[in-house]
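Visitor: Could you walk me through this model, a few questions at a time?
Guide: Gladly, let's look at it together.

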Amino acid sequence: MSGRLDAFFEFVRRGVIEPLGRLSGWVVAALRSLAAGLLWFRWRVAIAAALAVIVYGLCTHPPFESVHRGEVVARSDALDGSVRVFTAGTVLVLPGIHQVRRYSIRDQVYRPIDSASATGPAPFQSVEGLSIGVDLAVRWTVDRARLAQTSKEFPDDISAVLVAPAVQGIVYPAFARYSVREIFSQRRTEIQQRLIAELKPKFTAMGLVLRDVDIGKVDLPPDYRAGMEKLLSEELETEKIHYTLQLKEGQVKQQQLEAEADKVRRQTAAEAAGQEQVIAARAQEETMKHILPFKQRQIEQRQLEAEADKVARIRTAEGAAEARRIEARGEADSRQKLADAEAYRLDLVGKASAGQMEREGALVARYPLLIQKTLADKLSDKVQVIIAPLPAAGKFIGSSLVGDQSPVNPVNIAAAAMTSQAGVAR
């Protein structure tokens with residue numbers, strides 16, 4: 001056991017204590033060398049440290065101020081007490097000597113929030129003693145022309161320290177001079193102009209510029225609001241009836257004037273129509289003086305034209321009758337000549353037929369069989385074959401067909417045949 005402890009202690013001495021001793025010797029030697037170097041370069045180190053401190057101070061607290069858009073910078077000098085106003089660029093500010101304050105040149109608005117409601121902590125009072133709330137907006141800005149003189153007197157919060165007391169000191173007494181009805185509807189513009197007139201000189205004395213005062217919503221107590229609205233509605237209804245009556249009266253007067261104008265217009269139109277008729281009658285009379293002779297000449301002309309037409313028709317009728325008589329005579333002569341020609345033709349035809357019959361009779365008498373040949377020629381296109389008994393000597397060939405057995409004279413047969421031929425020829 002003791003051998004192991006000895007070995008452990010030996011290991012600690014060689015592995016830990018001896019290396020630490022050598023390391024401490026090296027550190028002491030390095031510190032001695034560094035101290036010697038620092039003593040040699042102490043003045044350079046001091047200069048570098050001073051420069052570092054100066055650079056750090058300039059970085060953390062630069063001696064310049066920039067003027068932003070919409071604002072001005074007032075720099076006061078602690079040595080001579082002068083104040084300069086800068087509107088743009090970069091301003092040199094020396095620590096301990098210069099003091100800088102920034103002011104906005106834009107319009108700023110102050111609203112008394114506590115007085116905006118009738119039930120708020122600080123409502124306005126009317127002449128009747130009623131609490132009312134008014135949404136009041138006061139627009140103001142700093143006077144740039146006087147900023148150099150007044151910048152030392154301005155507090156840090158101008159709106160709360162200067163504007164609010166000035167507005168409250170003017171607005172509360174101003175509203176207390178008017179009734180709720182006047183504030184609510186009738187005299188709001190007058191109150192606004194009065195507030196502007198009273199606040200403007202007060203703001204000017206403080207180095208501020210008043211832009212405008214706006215009166216917005218007027219908050220009334222609920223009961224008074226209901227009665228006020230009812231009263232206003234009744235007044236509006238009364239004014240409406242009043243204006244309606246005026247409108248009706250105007251309409252009645254307009255209708256009367258229109259009726260009178262219509263009456264005058266009708267009278268004028270009637271007089272003009274009468275004058276037109278008189279003028280037309282006179283013109284017609286003058287015209288008739290010229291028309292009557294013309295009409296008379298027209299009548300005479302028409303009578304002459306009628307007589308001429310009558311004579312022309314008579315002559316035309318006489319000519320037509322004469323023409324019809326001539327045509328009738330010509331037609332009668334033509335028919336007479338046609339009749340004479342027909343009679344002459346019939347006479348010649350009869351004579352020719354008689355001569356032919358005479359010749360044929362002589363021929364039949366001479367040749368009796370010629371009758372049978374003629375009959376066969378006549379029936380050849382109707383009958384193909386004729387079978388008949390031979391007639392008796394001296395009889396007609398078709399006597400057997402017709403059942404005639406009487407003796408016939410050949411001369412009579414020939415005469416009959418000639419007569420039939422003559423009928424056929426006709």
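Predicted model: local features only at pLDDT ≥ 70, side-chain atom pairs only at ≥ 80, totals over all residues.

Visitor: How far apart are the end C-alpha atoms of α4, and what span should its 18 residues give?
Guide: At 1.5 Å a residue, the 18 residues of α4 should span 26 Å. The distance in the model agrees with that expectation. Its end C-alpha atoms are separated by 24 Å.

Visitor: At what angle do the axes of α4 and α6 cross?
Guide: Two packed helices are described by the distance between their axes and the angle between them. Here the axes of α4 and α6 come within 10 Å, and the crossing is right-handed. The angle is roughly 145 degrees.

Visitor: How many residues of the contact of α4 with α6 are charged?
Guide: On the α4 side, V163, A166, V167, I170, V171, A174 and F175 take part, meeting I191, L195, E198, L199, K202 and F203 of α6. These residues divide into eleven nonpolar and no polar ones. The number of charged residues is two.

Visitor: Which residues of α6 are buried, and what covers them?
Guide: An α-helix has 3.6 residues a turn, so residues three or four places apart point the same way. In α6 the buried residues are I191, Q192, L195, I196, L199 and F203. Their cover includes β8 (131-142), α4 (158-175), α5 (180-186) and β9 (208-219).

Visitor: Is R194 buried, partly exposed or exposed?
Guide: R194 belongs to helix α6. Beyond its neighbours within four places in sequence, R194 is in contact with R177 and Y178. Its C-alpha atom lies 8.0 Å from that of A174, which is 20 residues away along the chain. Because its relative accessibility is 31%, R194 counts as partly exposed.

Visitor: What share of the chain's residues count as buried?
Guide: The chain has ten helices and nine strands. Among its contacts between residues at least 6 apart in sequence, 64% join residues at least 24 apart. Of its 426 residues, the share that count as buried is 20%.

Conventions
Residues numbered from 1 in each chain as written. Heavy atoms only, no water. Buried < 20%, exposed > 50% of the residue type's maximum accessible area, 1.4 Å probe, protein only. Helix = DSSP H or I, 4+ residues; strand = E, 2+ residues; numbered from the N terminus. Contact = heavy atoms within 4.5 Å. Axes fitted to C-alpha atoms, helices over the stretch in contact; angles between N-to-C directions. Left-handed = near helix turned anticlockwise from the far one by under 90°. Nonpolar A, V, L, I, M, F, W, Y, C, P; charged D, E, K, R; others polar. Expected span 1.5 Å × (residues − 1).
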